[in-house]
Amino acid sequence: MKEIIPIANDHAGYELKKKVVEHLTKRGFEVKDFGTDSADSCDYPDFAHQLGRVINRGEMARGIVICGSGNGVQMTVNKYPNVRCALCWTPEIAHLGRQHNNANVLSMPARFITEETALQIVDEFLDTPFEGGRHERRVEKINKILE
């Protein structure tokens, strides 16, 4: 059974999303595309919330969000308690987001990275396992609110 990777984007991430979907399909993944499906101006939360919900519920294990800066979609999906979204603009950051933080959603800034870099980031995110150990303790503290 193929792993399903959900993906969501705004208008600024539309062109990069198409390339990422093609890349994921070539790698053997199935893709659940939450849109948007055009470069027409839209509101990123409308699409990011859909992805955040499926990851939060455990319906899918890992996802990808894309917008101009990567910030808006990342902030939206990180509202969900079971989502750990890492904003990545280099493959090394994606590697550490998985290895040390057990990130389950990747956010990319379409206006600040090349297509080649984006695909390297996607590969690093998908291919890097969580290291566990001392990092497990830290990840468990993420949702612990201190007042």
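Predicted model: local features only at pLDDT ≥ 70, side-chain atom pairs only at ≥ 80, totals over all residues.
**Stop 1: α1 and α5**

Select helix α1, residues 14-26, and helix α5, residues 115-127. Their axes lie 10 Å apart and the packing angle is about 45°. That angle makes α1 oblique to α5. The crossing of these two helices is right-handed. To see the contact itself, show side chains for L16, K19, V20, H23 and L24 on α1, and for E115, A118, L119, V122, D123 and L126 on α5. Coloured by residue class, the contact of α1 with α5 divides into 7 nonpolar, 1 polar and 3 charged residues.

**Stop 2: α4 and α5**

The crossing of α4 and α5 is right-handed. From α4, select P91, A94, H95 and R98; they meet T117, Q120, I121, E124 and F125 of α5. The residues of this contact divide into 4 nonpolar, 3 polar and 2 charged.

Stay on α4 for a moment. Which of its residues are buried? They are P91, A94, G97, R98 and Q99. The buried residues of α4 pack against α5, and also against strand β4 (85-87) and helix α6 (134-140).

**Stop 3: the largest nonpolar core**

Next, look at the largest nonpolar core, which has 22 residues. Select V20, L24, I64, I66, L106, M108 and V122, the members that touch the most other members. Two or more residues come from each of β1 (4-9), α1, β3 (63-67), β5 (105-109) and α5. Which element gives the most to this core? It is α5, with 6 residues.

Centre the view on L106. Leaving out residues up to four places away in sequence, L106 touches G63, I64 and V65, then C85, A86 and C88, and finally I121, V122 and F125.

A second, separate core has 17 residues, including A8, M60, C67 and C85.

**Stop 4: A8**

Now select A8, in strand β1. Is A8 buried or exposed? A8 counts as buried because its relative accessibility is 0%. Beyond its neighbours within four places in sequence, A8 is in contact with F34, G35, F47, A48, L51, I64, V65 and I66. For a distance across the model, draw a line from the C-alpha atom of A8 to that of R98: the two residues are 90 residues apart along the chain, and these atoms are separated by 19 Å.

**Stop 5: two loops**

One of the contacts of A8 is G35, and the peptide bond from G35 to T36 is cis, with omega near 10°. T36 itself lies in the loop between β2 (30-33) and α2 (45-56).

Note on methods:
Residues numbered from 1 in each chain as written. Heavy atoms only, no water. Axes fitted to C-alpha atoms, helices over the stretch in contact; angles between N-to-C directions. Helix = DSSP H or I, 4+ residues; strand = E, 2+ residues; numbered from the N terminus. Parallel < 35°, antiparallel > 145°, perpendicular 65-115°, else oblique. Left-handed = near helix turned anticlockwise from the far one by under 90°. Contact = heavy atoms within 4.5 Å. Nonpolar A, V, L, I, M, F, W, Y, C, P; charged D, E, K, R; others polar. Core = buried A, V, L, I, M, F, W, Y, C linked by side-chain atoms within 4.5 Å. Buried < 20%, exposed > 50% of the residue type's maximum accessible area, 1.4 Å probe, protein only.
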